[in-house]
Amino acid sequence: MQTTNRQVNSSYDQSTKTPRIATVHRTTGETDVQVTINLDGRGICTAATGIPFLDHMLHQIASHGLIDIDVQAKGDLEIDDHHTNEDVGITLGQAFNQALGDRKGIVRFGNFLAPLDEALVQVVLDFSGRPHLSYGLQIPTQRVGTYDTQLVREFFVALVNHSQMTLHIRQLDGINSHHIIEATFKAFARATRLAVEIDPRRAGLIPSSKGVL
């Protein structure tokens, strides 16, 4: 299967504080996905993936992460949601990676604990350059509406691998599938917001003792 990745726009200039923006267009024989993100946005989201629940979760990332996100995706939904869900995660991860650039000045680490009614989920992440996912959700039902809850893990696997982050997700409580998943995306958004902020004490420097991520 042939895959093409095309960077349309990527910019980050610490000295002039240019917004960190990236657009990635990814096409395969199964999907056509374009993602634009602005890490210094206001939480504006436009999501049209053909998967309503995924669109709802992308809105959570934007709103609670204060990241502007535009996702336009067409996929083989007549088969199922798997390919589109995964490829949105891949393309969003690539956009994060490009928008962060060399990652100079960022806080790098993020940690947030989000409640949603009875559900409580903790997300800890590190834009380390080393992809790793530790996934601890126990979602009690196979579906939320028409969305297969197994796809939550697949989305984060794709996002982690292509953004080159370390991500730990821990479910501390919860019995409602919708609440558990939404709490996860909200915690991820807030942890990401913390991690991508510019640390004024480290402006222009790589946040690593090695000098590179």
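The side chains of Lys-104 and Asp-102 form a salt bridge with an N to O distance of 3.8 Å. The term means a side-chain nitrogen of Lys or Arg within 4 Å of a carboxyl oxygen of Asp or Glu. Lys-104 is partly exposed at a relative accessible area of 33%, and Asp-102 is also partly exposed, at 39%. Here buried stands for under 20% relative accessible area, exposed for over 50%, and partly exposed for values in between (1.4 Å probe, protein chains only).

The model is predicted: local features need pLDDT of at least 70, side-chain atom pairs count only at pLDDT 80 or more, and totals for chains, interfaces and linings use all residues. Residues are numbered from 1 along each chain as its sequence is written, and side-chain values use heavy atoms, with hydrogens and water left out.

**Salt bridges**

By the rule above, there are five salt bridges. Three of them are listed here.

| Pair | N to O distance |
|---|---|
| Lys-104 and Asp-102 | 3.8 Å |
| Arg-108 and Asp-126 | 2.6 Å |
| Glu-182 and Lys-186 | 3.2 Å |

The bridge between Arg-108 and Asp-126 has its N and O atoms 2.6 Å apart. This pair connects distant parts of the chain, 18 residues apart: Arg-108 is in the loop between α2 (82-100) and β6 (109-116), while Asp-126 belongs to strand β7 (residues 119-126). Both residues, Arg-108 and Asp-126, are buried. Helices (H or I, at least four residues) and strands (E, at least two) are DSSP runs, numbered from the N terminus.

Glu-182 and Lys-186 are both part of helix α4 (residues 177-196), where they are four residues apart, about one turn of the helix. In general, an α-helix has 3.6 residues a turn, so residues three or four places apart point the same way. Glu-182 is buried, its relative accessible area being 10%; Lys-186 is buried as well, at 18%.

**Aromatic pairs**

Six aromatic pairs occur in the structure. In the pair of Phe-155 and Phe-156, the ring centres are 5.4 Å apart and the planes are at 85 degrees, an edge-to-face arrangement. Rings of Phe, Tyr and Trp (its six-membered ring) pair if their centres lie within 6.5 Å; planes under 30 degrees apart count as stacked, over 60 as edge-to-face and the rest as tilted.

Phe-156 also pairs edge-to-face with Phe-188, with centres 5.5 Å apart and planes at 65 degrees. That pair links distant parts of the chain, 32 residues apart: Phe-156 lies in helix α3 (residues 150-163) and Phe-188 in helix α4. Phe-155 and Phe-156 are buried, and Phe-188 is buried too. Ring pairs join Phe-155, Phe-156, Phe-185 and Phe-188 into a cluster.

Helix α1 (residues 52-65) contains 14 residues and spans 20 Å from its first C-alpha to its last, close to the 20 Å expected at 1.5 Å a residue. The expected span is 1.5 Å times one less than the number of residues. The buried residues of α1 include Phe-53, Leu-54, Met-57, Leu-58 and Ile-61.

Although Leu-66 is not a glycine, its phi is positive, at about 55 degrees. Leu-66 is partly exposed, with a relative accessible area of 29%.

Asp-117 is likewise a non-glycine residue with a positive phi of about 55 degrees. Asp-117 sits in the loop between β6 and β7 and is exposed, with a relative accessible area of 63%.
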